[in-house]
Amino acid sequence: MQAWQVHENGEPSEVMRLAEVERPTPGDGQVLLRVRAANINFPDALLCRGQYQVRPPLPFTPGVEICGETEDGRRVIANPALPHGGFAEYALADSRALLPAPESLDDAQAAALHIGYQTGWFGLHRRARLEAGETLLVHAAAGGVGSAAVQLGKAAGATVIGVVGGPDKAAVARELGCDVVVDRRAEDVVAAVKEATGGRGVDVVYDPVGGEAYTQSAKLVAFEGRIVVVGFAGGTIPSPALNHALVKNYSIVGLHWGLYNTKNPALVQHCHEQLTALAERGAIRPLVSERVPLEGAAAAVQRVADGVTTGRVAVVLEKGAGA
């Protein structure tokens, strides 16, 4: 089979190599899946760079989120078991963690429903306890993680403010349903959000960026607001001033979604049921901006790493191109 392999750490476009390899053999509790589509996530770039919290042995195949097909023909969503990741014709996965792919989504959309939307659901509902009528601020609102949070926020009845970088991403954020869009390259984010909220600020901040975005969040969070720390795609990990959280009465909550797979897997299943129901009624739909063949995976991972994409980029294998 064909698979992309990383033999040394570095930038994805430089270290990912397409090779002919043997199909992986399932271990105890694992299943072999034919990959129909693999969604590209920022962690795939971090894996290539050797900067992710999980460091699989070299060589490995990246790709942490797929829509695959079981031997008996079931279409499922899975997180491949590294080092046998999803940018390949076949991948391995934990048989107990397979989730049914919603019939309302095609392969690329189904592959993109899992990590970003589970992270959004847990962040907004489990950690921040977002309520209808509250105001949600989403950083990088046109990106893969942010776009999921925007849709979930709207589905929950919140007013959603999206922060983006550039006019093209601003247009995407509006299409996603943002009530207010702020272009950080053309506007003062703090001033624009304060104006949009009448000076009150926002109830919940969803921050997958860190760095300057977090600094803005601390200035904009309202009384008894919640800042959900999801990741640091901006490259800088902030050091919050806890005295500031004290005097403004707001909460800083972290979210590492992957922990739920071991700490409370039943909740992951419950979340998938909620997401499937939302997808079936059209309340959420993964924004797949690009579909590339397996041969284009390395270049696509690099584009995601460089932050120049909107929504999700999916690697779609020809045999599994349809729903």
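**Strands, sheets and helices**

I begin with β11 (residues 202–207) and β12 (residues 221–229), two strands that pair in the parallel sense over 5 bridges. Strands pair when DSSP finds at least two bridges between them. Strands (E, at least two residues) and helices (H or I, at least four) are DSSP runs, numbered from the N terminus.

This is a predicted model: local features need pLDDT of at least 70, side-chain atom pairs count only at pLDDT 80 or more, and totals for chains, interfaces and linings use all residues. Residues are numbered from 1 along each chain as its sequence is written, and side-chain values use heavy atoms, with hydrogens and water left out.

To which sheet do β11 and β12 belong? They are part of an open sheet of 6 strands, in the order β10-β9-β8-β11-β12-β13, with parallel pairing. At its edges stand β10 (180–183) and β13 (251–254); each has a single partner strand, so one side of each is left without a neighbour in the sheet. On average, neighbouring strands of this sheet are turned by 20° against each other, direction ignored.

Two helices lie across strands of this sheet. Helix α4 (residues 115–127) lies across β8 (135–139), β11, β12 and β13, and runs at about 150° to β11. Helix α5 (residues 144–155) lies across β8, β9 (159–164) and β11, and its angle to β8 is about 170°. For these angles, axes are lines fitted to C-alpha atoms, for helices over the stretch in contact (heavy atoms within 4.5 Å); the angles run from 0 to 180 degrees between N-to-C directions.

I turn now to β3. Of its 10 residues, 8 are buried, so β3 is largely enclosed by the rest of the structure. Buried means under 20% relative accessible area, with a 1.4 Å probe and protein chains only.

Which strands does β3 join in the antiparallel sense? There are 5 bridges to β6 (residues 90–94), 4 to β4 (residues 66–69) and 3 to β15 (residues 312–316). Val31 has Ala93 in β6 as its bridge partner, Val35 has Gly68 in β4, and Ala38 stands opposite Val315 in β15.

Finally, I come to helix α2 (residues 42–49), where Asp44, Ala45, Leu46, Leu47 and Cys48 are buried. The buried residues of α2 pack against β1 (2–6), α1 (12–15), β2 (16–20), β3 (30–39) and α12 (297–305). After α2 comes Gly50, with a positive phi near 75°.

Definitions and conventions:
Buried means under 20% relative accessible area, exposed over 50%, partly exposed in between (1.4 Å probe, protein chains only).
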